[in-house]
Amino acid sequence: PLTRYAAFANADPYLLSYSDETRNSERNFQSTLKLNYTTAGGVVLRSLSGFPRKRIWNYYDQDATSTTTLPRTAQFQSVNEREITQEFNVLSPESQAFKWVLGGYYQQNLIDVVNNNFSNGNNTTNILVKPDKRTKGVFAQVTVPLGDQLSVDIGGRQSWYSNVSTGSVSLGNGLVVGNPGGDHSDKKMT
């Protein structure tokens, strides 16, 4: 109600008018692979691998009116994410009362985000962000039986996280006016 387009909005708040057709497409592909190998002593070696792929494509009418008096505003958004995951586990034999697991984990997310803003069909602002997120971890857990119906789980995990982003904010004429890039890393024991 406080924008310059408010006077051109439909009187019914549940009925929107558009000067640009809103479109959306989302696709997801997931592939996973689980491999187990049991040694002669009953120890299980396990590998869990994954490769999810997500693609989102949107086109929004930003002013939600069909006015031709003011500039039409719209936004194109594209997100392309590729993820790689890998986990390795070493598990105690099922026949043992005292259970344990050791493992390691790796995940990488590569994401391309594009936002292009338009006014009357002319490109006004372009935002590109490309984060590269990585998570690594090692963990261990033991289960100690205290009776037929009672046990205690004790475990720990060390995790490392990093994110390196590149990108740009530019005007429609190509003039770069900002950089949303940067990096961050941390680690934590839990």
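These legends accompany several close-up views of a predicted model.

**View 1. Strands β1 and β2 form a hairpin**. Welcome to the first stop, where β1 and β2 pair in the antiparallel sense through 16 bridges. Look for Asn36, which sits opposite Arg46 of β2. Five residues lie between the two strands of the hairpin. In that turn you will find Gly42, with a positive phi of about 95°.

**View 2. Strand β2 also pairs with β3**. Here β2 and β3 run antiparallel and are joined by 16 bridges. A handy pair to pick out is Asp61, which stands opposite Ala74 in β3. A side-chain contact can be found here too: Glu81 and Lys54 form a salt bridge, with their closest N and O atoms 3.8 Å apart. This pair links distant parts of the chain, since Glu81 belongs to strand β3 and Lys54 to strand β2, 27 residues apart. Glu81 is buried because its relative accessible area is 14%, under the 20% limit. Lys54, at a relative accessible area of 33%, is partly exposed.

**View 3. Asp20 and Arg72 meet in a salt bridge**. The closest N and O atoms of this pair are 3.1 Å apart. The two partners come from distant parts of the chain, 52 residues apart: Asp20 is in the segment before β1 (23-38), while Arg72 is in the loop between β2 (44-61) and β3 (73-91). Asp20 is buried, as its relative accessible area is 11%. Arg72 is partly exposed, with a relative accessible area of 28%.

**View 4. Arg82, Asp112 and Lys130 are linked in a network of salt bridges**. Side chains of opposite charge can pair when their charged atoms come close. In this view, the side chains of Arg82 and Asp112 meet in a salt bridge, at 3.1 Å from N to O. Arg82 is in strand β3 and Asp112 in strand β4 (residues 99-119), so this pair ties together parts 30 residues apart in sequence. For the model, the count of salt bridges comes to five.

**View 5. A nonpolar patch on the surface**. To finish, here is a patch formed by Leu146, Leu150, Val152 and Ile154. Together, these residues have about 370 Å² of accessible area.

Conventions:
Residues are numbered from 1 along each chain as its sequence is written. This is a predicted model: local features need pLDDT of at least 70, side-chain atom pairs count only at pLDDT 80 or more; totals for chains, interfaces and linings use all residues. Side-chain values use heavy atoms; hydrogens and water are left out. Patches are made of residues with over 30% relative accessible area and no salt bridge: like charges are joined within 9 Å, nonpolar side chains (Val, Leu, Ile, Met, Phe, Trp, Tyr) within 5 Å. Accessible areas come from the Shrake-Rupley method with a 1.4 Å probe; for residues, only the protein chains shown count as cover. A salt bridge is a side-chain nitrogen of Lys or Arg within 4 Å of a carboxyl oxygen of Asp or Glu. Helices (H or I, at least four residues) and strands (E, at least two) are DSSP runs, numbered from the N terminus. Buried means under 20% relative accessible area, exposed over 50%, partly exposed in between (1.4 Å probe, protein chains only). Two strands pair if DSSP finds at least two bridges between them.
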